[in-house]
Number of protein chains: 2
Amino acid sequence: MARANLTPERLFSAAAELADLHGFDSVTASAVARHFGVQPASLYSHVRDREALLDGVQRFALGELGERVSHGIAGRSGSEALHGFASANREYAQERPGAWQALQRTASTETATSPQAQRVSALTIALVRGYGLHESQYVHAARFVGAALNGFLSQSRAGAFDHQETELAQSWQAMLEALDRSLRSWPAKDAEQ
Amino acid sequence: MARANLTPERLFSAAAELADLHGFDSVTASAVARHFGVQPASLYSHVRDREALLDGVQRFALGELGERVSHGIAGRSGSEALHGFASANREYAQERPGAWQALQRTASTETATSPQAQRVSALTIALVRGYGLHESQYVHAARFVGAALNGFLSQSRAGAFDHQETELAQSWQAMLEALDRSLRSWPAKDAEQ
DNA sequence: GTTTTTAACCTAAGGGATGTAGGTTGGTGG
DNA sequence: CCACCAACCTACATCCCTTAGGTTAAAAAC
């Protein structure tokens, strides 16, 4: 009986693929085990429990997103970087729907402090820095941008928007313009206020 | 054996309570049945399956949110209405965390077309109308506002923001100001563009 | 009030998932 | 080659979901 050579990393990426194919909710220890042709109990040599498996998928997805975002904003600033950043997010959600959904989970401490999470965070800060904001405002602006983009993608996927494709693209565009305007007019408050 | 007098509505609101107490993921047909002192199989006289149960919780939550938002924007416009709208959302997420989480599900067609969903949508449109936007822009602005607020609440809950309470409140405030600015500067495009 | 009907409940059953404990064995190192 | 170890398996207990058919409380009909 040759061994399947499971590793946590292989589990996470395979689970992400399964999520893309069948939906994030369908990712179970059993489904992943079937994918590798082993018994479900075998996975517990590599991950503590299902929660840890899904956490790992989340970190995997963060890594992929960070890669795309990094490319999307490379060499750009201001409005162009914003468009690159936003497109990277949107395309990831479209091309990796199941993996993207993993990002919506409540993050474990391990994930929240992971290099992958910190990379995405740093890239968002870099984006808003390109608008020349006061440094004390970076974190607020970054959260705003991240929230708006992710919120839009989340709500469009969840069916909260009654939409046609063209109209949705217009709403996306209008949102990017709104974000751009608000970033360009961000007040120069310093840390004293 | 007296009957428990189950109805779909009672199931949905009880499930929402359980979600608040134990987390949305813990809401199962079995848990709800235990709450009412009946066997799990009995629930299927009232809901088609677990999915339908969770859908109902979502509509229940939409109803509650709509009620709060309605009060939050009553008699207000512009920035004041925005603050009322945002506060209603934030307080709902804080006071009904489990029910709020039900809102993040992918909506069924029944839910997306429900009176509750349409009310929340109409209230959001009323909010942006108060900024004097061109009518063709209502839907885009409404989506932007809804996405930003929900995205922020979602990410703060999910641990995506490394935060302290004071800083988080400042980010929230900064976001409201950013939203206000972007709405006040929304371009007056008409439908031809 | 009594009887009949109906749908709300129950039991039984089958299938699936999760995770622990202990056993077996493939692969590595000496 | 042998010893060791961790990766795998089996067995098991517990829990969940849902269907089919049976029982019965409550509503409707007389």
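The paragraphs below lead through a predicted model of two chains, A and B, beginning with the elements of chain A and ending at the interface.

Chain A contains nine helices and zero strands, so that, read from the N terminus, its elements follow one another as α-α-α-α-α-α-α-α-α. Taken along the principal axes, the box filled by the C-alpha atoms of chain A is roughly 65 × 40 × 30 Å.

In chain A, helix α1 (residues 8–22) packs against helix α2 (residues 29–36) at an angle of about 105 degrees, the axes being 10 Å apart. Because angles of 65 to 115 degrees count as roughly perpendicular, α1(A) is described as roughly perpendicular to α2(A). On the side of α1(A), the contact is made by A:Arg10, A:Leu11, A:Ala14, A:Ala15 and A:Leu18, while α2(A) contributes A:Ala31, A:Val32, A:His35 and A:Phe36. Sorted by class, the contact of α1(A) with α2(A) has seven nonpolar residues, one polar residue and one charged residue.

A second pair in chain A has another orientation, for the axes of helix α4 (residues 78–95) and helix α7 (residues 115–129) come within 9 Å and cross at roughly 150 degrees. Since angles over 145 degrees count as roughly antiparallel, α4(A) is roughly antiparallel to α7(A). Here A:Gly78, A:Ala81, A:Leu82 and A:Phe85 of α4(A) make the contact with A:Leu123, A:Thr124 and A:Leu127 of α7(A). The contact of α4(A) with α7(A) has five nonpolar and two polar residues, and no charged residues.

Because A:Arg119 lies in α7 and A:Glu67 in helix α3 (residues 50–73) of chain A, the pair ties together parts that are 52 residues apart in sequence. Over all chains, a search of the whole structure finds 22 salt bridges.

In chain B, which helices does α4(B) pack with, and at what angle do the axes cross? The axes of helix α4 (residues 78–95) and helix α9 (residues 165–184) of chain B come within 10 Å and cross at roughly 140 degrees, and α4(B) and α9(B) are therefore oblique to each other. The crossing in which α4(B) passes α9(B) is right-handed. From α4(B), the residues B:Ser79, B:Leu82, B:His83, B:Ala86 and B:Arg90 meet B:Ala169, B:Trp172, B:Gln173, B:Leu176, B:Leu179 and B:Asp180 of α9(B). By class, the residues of this contact of α4(B) with α9(B) divide into six nonpolar, three polar and two charged.

The two chains themselves meet through 37 residues of chain B and 37 residues of chain A. The area buried between chain B and chain A is about 2,800 Å², and carbon and sulfur atoms give 54% of that area. Within chain B, the residues that lose the most area to chain A are B:Arg143, B:Phe144 and B:Arg181, which together account for 24% of what that side buries. The rule finds two salt bridges across the interface of chain B and chain A. B:Arg143 also forms a salt bridge with A:Glu167, in which the side chains meet at 3.0 Å, N to O.

A:Ala107 has its place in the loop between α5 (97–102) and α6 (109–112) of chain A. Leaving aside residues up to four places away in sequence, A:Ala107 touches A:Gln58 and A:Ala112 as well as B:Ala158 and B:Gly159. From A:Tyr92, by contrast, A:Ala107 is 15 residues apart in sequence and 19 Å apart in space, C-alpha to C-alpha.

Terms used: Residues are numbered from 1 along each chain as its sequence is written. Chains are lettered from A and ligands numbered from 1 in the order in which they are written. This is a predicted model: local features need pLDDT of at least 70, side-chain atom pairs count only at pLDDT 80 or more; totals for chains, interfaces and linings use all residues. Side-chain values use heavy atoms; hydrogens and water are left out. Axes are lines fitted to C-alpha atoms, for helices over the stretch in contact, and angles run from 0 to 180 degrees between N-to-C directions. Helices (H or I, at least four residues) and strands (E, at least two) are DSSP runs, numbered from the N terminus. Angles under 35 degrees count as roughly parallel, over 145 as roughly antiparallel, 65 to 115 as roughly perpendicular and the rest as oblique. A crossing is left-handed if the near helix is turned anticlockwise from the far one by less than a right angle, and right-handed if clockwise. Contact means heavy atoms within 4.5 Å. Ala, Val, Leu, Ile, Met, Phe, Trp, Tyr, Cys and Pro count as nonpolar, Asp, Glu, Lys and Arg as charged, and the others, Gly among them, as polar. Buried area is the accessible area (1.4 Å probe) that two parts lose on being put together, summed over both. A salt bridge is a side-chain nitrogen of Lys or Arg within 4 Å of a carboxyl oxygen of Asp or Glu.
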